Amino acid sequence: MTQTLERPSAANESRGNGARTGGLATRTRRRLAPYLLILPALFVLSLVLLWPIVQMGWMSLHEYGLRQLRGDEAAWVGFDHYASVLTDTRFWTIFRNTIVVCLAMVVLTMVLGTLVGILLNKLPKWASTVLGLGLMLAWATPVISAAIVYRWLFDTRYGLVNTILSGLPDWLTGSGWEEFNWFNEPATLFPILILTVVWQSFPFVAVSVLAGLKSIPTELYEAARMDGASAWKSFWNVTVPMLRPLFALLLILQVIWDFRIFTQLFVLADGVDNRDVALLPVYIYQLGFASTPPNYGMGSAIAVIMTVLVLAITAYYLRVMIRQGEVR
């Protein structure tokens, strides 16, 4: 028997092509839908965050002061501001102090926050809840309020610290604490600044570590105990690997936050007149706003350098995490 193969009609071919085209358009719309939904948010973020950064970079390349704010044309100076900053010995002194102070803040915050988080995890539920609420109250305290409290504690004439030190025997603490000024020298001001920042920062790390510890299966610790692991080995071989992405995120956040400390130092130093106790954010304010006349271009140049440095540190650490497979 001979079978006759009929060729599909042109109408059938047209319907098939239309169905394929319609399916392709539907898939394209589905792929583009998430990007279209976040487009308004990206526009707002670029307007709020990206535009000020672009403007800061533009100002760092121009001579920009009060006259330019009034409408005068800004003269192009290229990289002169950057050359002046990078050849200034005072900038490198302030840069060194900023790195040391920031490193001390980050290390103390991470260590203290981790220890307190482990303590909260081992306490009974009611005690952990009460202590956690107290820690979060300290973290939620306005920055300027915390700085004012510590300035009162170390006040020259009426501070509690000077009163206690003056009342102790001279053979234990020495003499001359009656009107000792803690805020004039970097050696005494920076430890108070570190104490102020760490006091307000470590509760966030502690509560975050507590949340991370709650997510670790208890079977892992039981297996480690059965193998004869000590508390330190259990922490190093179980807790740290399981919470490494969390520690990395907290570390990056602390570096970003502590590197741009301004309010606490401004309050403790009673302004920006004392040039010996400046860190980079205060140095930017001194050159950009407090100088006579204000030099917004020079301040912007230092701000750009500081921003690039923070972004470089963050990008490097994220790259290491991605290579280790900790960020997906």
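Beyond its neighbours within four places in sequence, Leu-193 is in contact (heavy atoms within 4.5 Å) with Val-101, Met-105, Ile-261, Gln-264, Leu-265, Leu-268 and Leu-279. The model is predicted: local features need pLDDT of at least 70, side-chain atom pairs count only at pLDDT 80 or more, and totals for chains, interfaces and linings use all residues. Residues are numbered from 1 along each chain as its sequence is written, and side-chain values use heavy atoms, leaving out hydrogens and water.

The largest nonpolar core has 56 residues. Such a core is a set of buried Ala, Val, Leu, Ile, Met, Phe, Trp, Tyr and Cys residues joined through side-chain atoms within 4.5 Å. Buried means under 20% relative accessible area, with a 1.4 Å probe and protein chains only. Leu-193, Leu-280 and Ile-302 have the most contacts inside this core. Helices supplying at least two residues each include H4, H9 (186-214) and H14 (296-323). H9 gives the largest share, 10 residues. Helices are DSSP runs (H or I, at least four residues), numbered from the N terminus.

## Val-197

Val-197 is in helix H9. Its relative accessibility is 1%, so Val-197 counts as buried. Setting aside residues up to four places away in sequence, Val-197 touches Met-105, Asp-258, Ile-261 and Gln-264.

## Arg-90

Arg-90 lies in helix H4, residues 89-122. Arg-90 is buried but has no salt bridge (a side-chain nitrogen of Lys or Arg within 4 Å of a carboxyl oxygen of Asp or Glu). The nearest side chain of opposite charge, Asp-88, is 5.8 Å away; Lys and Arg count as positive, Asp and Glu as negative, with His and the chain ends not counted.

How values were computed
Buried means under 20% relative accessible area, exposed over 50%, partly exposed in between (1.4 Å probe, protein chains only).
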